Amino acid sequence: MTALLSRAASPASGLVCRNCGATYPLGAQHACFECFGPLEIGYDAEALARVTRAEIEAGPQSIWRYAGLLPVGQNEQTRVESNTGMTPLIRADRLGAALGFTAPLWVKDDSANPTHSFKDRVVSVAMTAARELGFTRIACASTGNLANSVAAHAARIGMDSIVFIPSDLEPAKIVQSSIYGTTLVGIQGSYDDVNRLCSELSETDEFEATGFVNVNVRPYYAEGSKTLGFEVAEQLGWRIPPQIVAPMASGSLLTKVNKAFKELVAAGLVDASSWKVFGAQSAGCSPIATAFAEGKDVITPVKPTGIAKSLNIGNPADGPYALDVVRTTGGAMASVDDDEIRAGIRLLASTTGVFAETAGGVTVAVLKKLVESGQLDPSVETVIYNTGDGLKTIDAVADGAGPTAVIPATVKGMREAGLM
Ligand SMILES: *Cc1c(COP(=O)(O)O)cnc(C)c1O
Ligand SMILES: [Zn+2]
């Protein structure tokens, strides 16, 4: 009985301000009362150290195998299981050869999640927390993929949902959100406008019972991204890759993969090693990469443009923390324009058989740029993150992607088209 109870206990110890270090009890709070800084989940080091590889390996084929390293979901009855995670880690030898790699290059393909982006990870954790915290409706401010995932998870568990998106998103992302049966609100404005509205709504009486996964439940949401770090380490045979490249919107994913690596070392689940974290943005919205290039600590917000809409956050909440992670690990950041993004999508597809959305094109194109500029060493093993599916942003590469020839159903037709 005691063992069962202790296994079901959360290893989280409280909320910690990332700015001033003030601590608060666990709950639906996202900003520090002292300094308004963002809060993150703090853990009991001894509880993390009790987690074993064997326990994880015997767990479900989903992110919940890492429940011992997450703030919620220890109890199978309350966790929101959407069969997310354990996505393929693909050895991308042909992409590596095209870019001059002599060390292994891997693609962590998170388009293989249930709603075809990495957002299923953060939503599974945030919705489990929202349910445990007593919220009866779920909501989000989204650049597209988050809306898809929140709507799908809400359908799975039968929870009321309302999702907010900029009204000019890719048609596939609008259709996908709507098909799950959510209340879908298109906002005439940018993601940053959507996010501001959601912050305001979360303070109103009418939204008191509503958990906004990336606003008032954000500390829990963010922890879901750690599973992208845990899985890669486990899939490599319990070791941390020496170089990783990740796309950045708010910068949360990148910082949490780094947090995951640190927690794995602290928990004794992997040997201590050093690793470099590299960040990728699109030139249409590169406030973090621009601050990196200019050697600044402060992010200057921008008005996003360009085809990588899922990354279009002009005022990135985790920007300063992403800068810090990349600088302290000795990595780098770069941004790429829309033509380079399209070329990145085509290069990954034609060398690896993985069709990425524009965010994946950003990551591949930035990898190429960093190798060419000498900032990323192709003789060192590298993992890049593909965070979304190309079928969601098909218009980006539709030009010139038609049939090689359209012919009658005859051998003569084949001959005349020069195909045999
Ligand atoms: C949301 C998203 C990201 C990155 O999000 P962060 O805000 O930086 O955590 C990356 N790729 C895709 C496809 C996304 O939808
Ligand atoms: Zn603070």
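**Backbone, ligand and loops**

Mentor: Just after α10, G237 takes a positive phi of about 85°. Helices here are DSSP runs of H or I with at least four residues, strands are E runs of at least two, and both are numbered from the N terminus.

Trainee: Before we go on, what are the ground rules?
Mentor: This is a predicted model, where local features need pLDDT of at least 70, side-chain atom pairs count only at pLDDT 80 or more, and totals for chains, interfaces and linings use all residues. Residues are numbered from 1 along each chain as its sequence is written, chains are lettered from A and ligands numbered from 1 in the order in which they are written, and side-chain values use heavy atoms, with hydrogens and water left out.

Trainee: Back to α10. Why is it called largely enclosed by the rest of the structure?
Mentor: Because nine of its 10 residues are buried. Buried means under 20% relative accessible area, exposed means over 50%, and partly exposed is in between (1.4 Å probe, protein chains only).

Trainee: Which residues of α10 are buried?
Mentor: K226, T227, L228, G229, F230, E231, V232, A233 and E234.

Trainee: What about W238, what is its phi?
Mentor: Positive, about 60°, although W238 is not a glycine. W238 sits in the loop that runs from α10 (226-235) to β10 (243-247).

Trainee: Is W238 buried or exposed?
Mentor: Buried, because its relative accessibility is 7%.

Trainee: Where does S111 lie?
Mentor: In the loop between β5 and α5. S111 is buried, at 9% relative accessibility.

Trainee: What does the side chain of S111 contact?
Mentor: The side chain of D109, through a polar contact of 2.7 Å. A polar contact is a pair of N or O atoms within 3.5 Å; within protein, one must be able to donate a hydrogen and the other to accept it, and residues adjacent in sequence count only if both atoms are side-chain atoms.

Trainee: Switching to the ligand. Which residues come nearest to ligand 1?
Mentor: K119, N145, A249, S250 and T387, out of the 15 residues around ligand 1. A residue is near a molecule or strand if one of its heavy atoms lies within 4 Å of it.

Trainee: How does that shell divide into nonpolar, polar and charged?
Mentor: Seven nonpolar, six polar and two charged. Ala, Val, Leu, Ile, Met, Phe, Trp, Tyr, Cys and Pro count as nonpolar, Asp, Glu, Lys and Arg as charged, and the others, Gly among them, as polar.

Trainee: What are the distances to oxygen atoms of ligand 1?
Mentor: A polar side-chain atom of S250 is 2.6 Å from a ligand 1 oxygen. For N145, an N or O atom in the side chain is 2.9 Å from an oxygen of ligand 1. For A249, a polar backbone atom is 2.9 Å from an oxygen of ligand 1.

Trainee: How much of ligand 1 does the protein cover?
Mentor: 98% of the 380 Å² of accessible area that ligand 1 has on its own. Those areas come from the Shrake-Rupley method with a 1.4 Å probe.

Trainee: New topic. Where is G144?
Mentor: In the loop between β6 (137-141) and α6 (145-157). G144 is buried, at 1% relative accessibility. Its C-alpha is 6.6 Å from that of I165, 21 residues apart along the chain.

Trainee: And T182, where is that?
Mentor: In the loop between α7 (171-179) and β8 (183-187). T182 is buried, with a relative accessible area of 13%. T182 and A151 are 31 residues apart in sequence, and their C-alpha atoms are 5.6 Å apart.

Trainee: Where is G330, and how far is it from H116?
Mentor: G330 is in the loop between α13 (319-329) and β12 (333-336). G330 is partly exposed, at a relative accessible area of 38%.

Trainee: Last one. Which helix holds T358?
Mentor: Helix α15, residues 358-372. T358 is buried, with a relative accessible area of 0%. Its side chain joins that of E357 in a polar contact of 3.5 Å.
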